[in-house]
Amino acid sequence: MDRRLVERAQDGDEAAFADLAFGIGDRLYAVAYRTLRDGGLAEDAVQQALVTIWQQLPGLRDPDAFMAWSYRVLVNACYAEGRRQRRWDAGLRLVPTDRTLGDATAAVADRDELERAFRHLPPDQRAVLVLQHYLGMTMSQIAATLGIPVGTVRSRLHFARDAMRAAIDAEARLAAGGERW
Amino acid sequence: MVRKRDSDPVDEILDSFLGEGPVEIDGLVIEEALARISTTPQRGAMGRPWSPFRALAVAAALVLLVTGGLVVGQLTAPHPVPSPSASVLPSAEAWPSGGPVPGSLAGSWAGTNRDPGGLSISLSLGGNAYSLASGSEHHGGKVVVDGDRLLLFDGDGCVALPGGIGEYRWTLSGDGMLSLQLIQDPCPRVDNLGDSTWDRIR
């Protein structure tokens, strides 16, 4: 990210901020979508995050930390969006899977199970999974981005991965049972 | 974007699962956000890096304030008036408008919901300070109350944005329960405070 652009935006230059917004919009949306699992909610979260970033930008001490800080503002916007919409646990209305179908359909069923399990995670656990598995951040990078201790990141990842592992294992057991039939 | 860490199949499945999905936002969404910011003022630069010129200006203002106060004091008071300590003079730039925590809010509160990690959480409010405790974690900062708005700032848990202001609407129910409704907060304390309810401990 261009430091000078950030500094100009910090001084209230709306054109510079527009360049920043278009520069980071896709990245913010990709993270918001993967966290919220809903395109409309993700767009709302990105919009709110951009407005908050604009408002709070003069207080950012290190312009080089702009991207990491923007992710933090976005994650908080995702939390707020999820609370407002109360759709974290709504889940997809999925058609029951027919285990006798071919591999392609079974793969879709596996994905649906993952989707369902992911939607049941609390938002803070979703966020750390997305930062780790989509953005490829290390635990210390996640901690710095979210402003939480590394130990908290570790525990959130632990609980989230356990929940996802349980869903994957359950799916595998069901698939194995289906083959016996 | 996606990286491989080890051979754990769960990690590989999650890499693949979270790698799926759209990666581009509709430009209209950004345009709408930019339309909103054109009518949204930026907040004061509370966390700006130290600048010698700014520091000189602040020092000059303090000298004027203190010496002016002394002169006025000598002219009007029968006894010398102690000059205010610069360390307790709040910076008009750094403090949002509002006053100290009112008596009805002051004290310790227990969150009725546990924090996202499952730990109980407590909130203490008094004067112009707040503190949040959850498990072994403890964060605090400054607070002012402006009508039904609670404004938190200078939070030590808000690393990337030390001056970030959290705004919450507070209400007390008939049975004394405190409710905090999130207006906005760019800091991690929002995890515990956003749309939350609290029982008074003391």
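A: A cavity, as the word is used here, is a set of grid points where a 1.4 Å probe fits but cannot get out. By that rule, this predicted model holds three cavities of 30 Å³ or more. In the largest cavity there is about 60 Å³ of space.

The lining of the largest cavity draws on both chains: R72(A), V75(A), N76(A), Y79(A), L146(A), I148(A) and R156(A) are joined there by P188(B) and D191(B). The element that gives the most to this lining is α4(A), with four residues. Sorted by class, the lining of the largest cavity has five nonpolar residues, one polar residue and three charged residues.

The account now turns to the interface itself. In chain A, 62 residues are in contact with 60 residues of chain B. The size of an interface is often given as the accessible area lost when the parts come together. Between chain A and chain B, the buried area is about 5,600 Å², and carbon and sulfur atoms give 57% of it. Three residues, Q47(A), R61(A) and H133(A), supply 13% of the area that chain A buries against chain B, which is more than any other three residues.

The rule finds 18 residue pairs in polar contact between chain A and chain B, counting pairs with both residues at pLDDT 80 or more. Several helices of chain A give two or more residues to the side that touches chain B, namely α1 (3-10), α2 (14-36), α3 (39-56), α4 (66-85), α5 (103-119), α6 (123-133) and α8 (150-180). The largest share of that side, eleven residues, comes from α2(A). By class, the side of chain A that touches chain B is made up of 31 nonpolar, 16 polar and 15 charged residues.

Two salt bridges are found across the interface of chain A and chain B. R161(A) forms a salt bridge with D11(B), and the closest N and O atoms of this pair are 3.1 Å apart. Over all chains, a search of the whole structure finds 17 salt bridges. Among them is a pair within chain A, E7(A) and R3(A), whose closest N and O atoms are 3.1 Å apart. E7(A) and R3(A) are separated by about one helical turn because they stand four residues apart in helix α1 of chain A.

G107(B) has its place in strand β1 (residues 107-111) of chain B. Although G107(B) and L125(B) are 18 residues apart along the chain, their C-alpha atoms are separated by 5.4 Å. Neighbours within four places in sequence being left aside, G107(B) is in contact with L123(B), S124(B), L125(B), R200(B) and R202(B).

Technical notes
Residues are numbered from 1 along each chain as its sequence is written. Chains are lettered from A and ligands numbered from 1 in the order in which they are written. This is a predicted model: local features need pLDDT of at least 70, side-chain atom pairs count only at pLDDT 80 or more; totals for chains, interfaces and linings use all residues. Side-chain values use heavy atoms; hydrogens and water are left out. Contact means heavy atoms within 4.5 Å. Buried area is the accessible area (1.4 Å probe) that two parts lose on being put together, summed over both. A salt bridge is a side-chain nitrogen of Lys or Arg within 4 Å of a carboxyl oxygen of Asp or Glu. A polar contact is a pair of N or O atoms within 3.5 Å; within protein, one must be able to donate a hydrogen and the other to accept it, and residues adjacent in sequence count only if both atoms are side-chain atoms. Ala, Val, Leu, Ile, Met, Phe, Trp, Tyr, Cys and Pro count as nonpolar, Asp, Glu, Lys and Arg as charged, and the others, Gly among them, as polar. On a 1 Å grid over the protein atoms alone, a cavity is a set of points where a 1.4 Å probe fits but cannot get out, and a pocket is an open set with protein on both sides within 12 Å along at least five of seven lines; lining residues have an atom within 4 Å of a point. Grid points are joined across faces, edges and corners, and a volume is the space filled by probe spheres set on the points.
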